[in-house]
Amino acid sequence: MVSSTSESIPRVITLDGLSGSGKSTLARLLANQLGWAYLDSGAWYRALTWAALEREIDVKSAEMVLDLLFNINIDSKKDGAVLVDGAVLTKELRLPEIDIAVSSVADHLSVRGELNEQMRNILKQNDTNGVVADGRDVGSIVFPDSPLKVYVEVPLAERAKRRFAQHQSIGADVTFSDVMEALQSRDARDSQRGDAAPKAQPNSRLLDNQNNSVE
């Protein structure tokens with residue numbers, strides 16, 4: 001029998017960091033090893049951004065984006081795959097236009113609050129033993145009571161190299177300079193988000209992931 005003390009401890013591990021730090025790869029593999037659900041919070045924001053662009057909704061309008069969020073269903077599978085109204089999104093989430101627009105969607109506090117609450121519900125699903133979540137503020141905002149928080153650090157140049165390779169793998173028409181500029185812009189905007197800005201928490205473990213193998 002599980003004790004009440006054990007039940008009070010959130011079954012969550014969080015990995016935070018900037019784009020291209022490798023946190024998603026690490027979180028996905030760790031979740032698989034543990035038999036837990038994997039939650040890619042960034043993919044949820046990208047899914048909402050994709051839905052907004054598909055419907056030609058102004059991503060700079062908090063009211064319009066929030067209304068959209070209330071009228072679609074975003075969910076994820078145990079392996080982290082994200083669905084919008086039951087359809088799995090893959091390459092759509094990594095298109096350059098999503099890279100450009102996702103910051104505007106994530107800037108809206110009302111949207112962030114509602115989407116974060118929806119992501120927390122993953123932990124309440126009956127078949128979920130635990131959650132490994134990655135993002136920019138999953139340890140500070142989404143799951144602040146997580147007993148293990150990791151902040152993944154990688155220099156900008158290396159992150160740009162990784163993101164450029166990712167774009168090339170799906171045949172996106174983008175240059176390395178485009179990727180570098182997009183990352184710099186995203187980093188600058190993220191840093192202005194107060195408590196939700198990506199940063200190591202006082203109780204975080206730091207992981208320098210510039211030269212590590214995935215294993």
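## Basis of the values

In this predicted model, local features need pLDDT of at least 70 and side-chain atom pairs count only at pLDDT 80 or more, whereas totals for chains, interfaces and linings use all residues. Residues are numbered from 1 along each chain as its sequence is written, and side-chain values use heavy atoms, with hydrogens and water left out.

## Helix α2

Helices (H or I, at least four residues) and strands (E, at least two) are DSSP runs, numbered from the N terminus. Helix α2 covers residues 23-34, and its 12 residues should span 16 Å at 1.5 Å a residue; the end C-alpha atoms are 16 Å apart, which agrees. The expected span is 1.5 Å times one less than the number of residues.

The buried residues of α2 are K23, S24, L26, A27 and A31. Seen down the axis of α2, these buried residues fall within an arc of 160°, so they line one face of the helix; the arc is that of the directions from the helix axis to the C-beta atoms. On the other side of α2, N32 and Q33 are exposed. Here buried means under 20% relative accessible area, exposed over 50%, and partly exposed in between (1.4 Å probe, protein chains only).

The cover over the buried residues of α2 includes β1 (12-17), β2 (37-40), β6 (131-135), β7 (148-153) and β8 (205-208), where contact means heavy atoms within 4.5 Å. G35 follows α2 and has a positive phi, near 75°.

## Aromatic pairing

A search of the whole structure finds 1 aromatic pair. F164 and F176 form this edge-to-face pair, at 5.9 Å centre to centre and 90° between the planes. F164 lies in helix α8 (residues 156-169) and F176 in helix α9 (residues 176-190), so the pair ties together parts that are 12 residues apart in sequence. Rings of Phe, Tyr and Trp (its six-membered ring) pair if their centres lie within 6.5 Å; planes under 30 degrees apart count as stacked, over 60 as edge-to-face and the rest as tilted. F176 counts as partly exposed, at 33% relative accessibility.

## Positive phi outside glycine

E56 is not a glycine, yet has a positive phi of about 55°. E56 is found in the loop between α3 (41-54) and α4 (62-71) and is exposed, with a relative accessible area of 73%.

D85, also not a glycine, has a positive phi of about 50°. D85 lies in the loop between β4 (82-84) and β5 (87-89) and counts as partly exposed at 48% relative accessibility.

## Salt bridges

The structure holds 7 salt bridges, each a side-chain nitrogen of Lys or Arg within 4 Å of a carboxyl oxygen of Asp or Glu. One of them joins R94 and D40, with the closest N and O atoms 3.9 Å apart. R94 lies in the loop between β5 and α5 (96-106) and D40 in strand β2, so the pair ties together parts that are 54 residues apart in sequence. Both R94 and D40 are buried.

D99 and R46 meet in a salt bridge at 2.7 Å, N to O. D99 lies in helix α5 and R46 in helix α3, so this pair ties together parts that are 53 residues apart in sequence. D99 is buried, with a relative accessible area of 16%, and R46 is buried, with 6%.

R112 and D137 form a salt bridge at 2.5 Å, N to O. R112 lies in helix α6 (residues 109-120) and D137 in the loop between β6 and α7 (138-142), so the pair ties together parts that are 25 residues apart in sequence. R112 and D137 are both buried.
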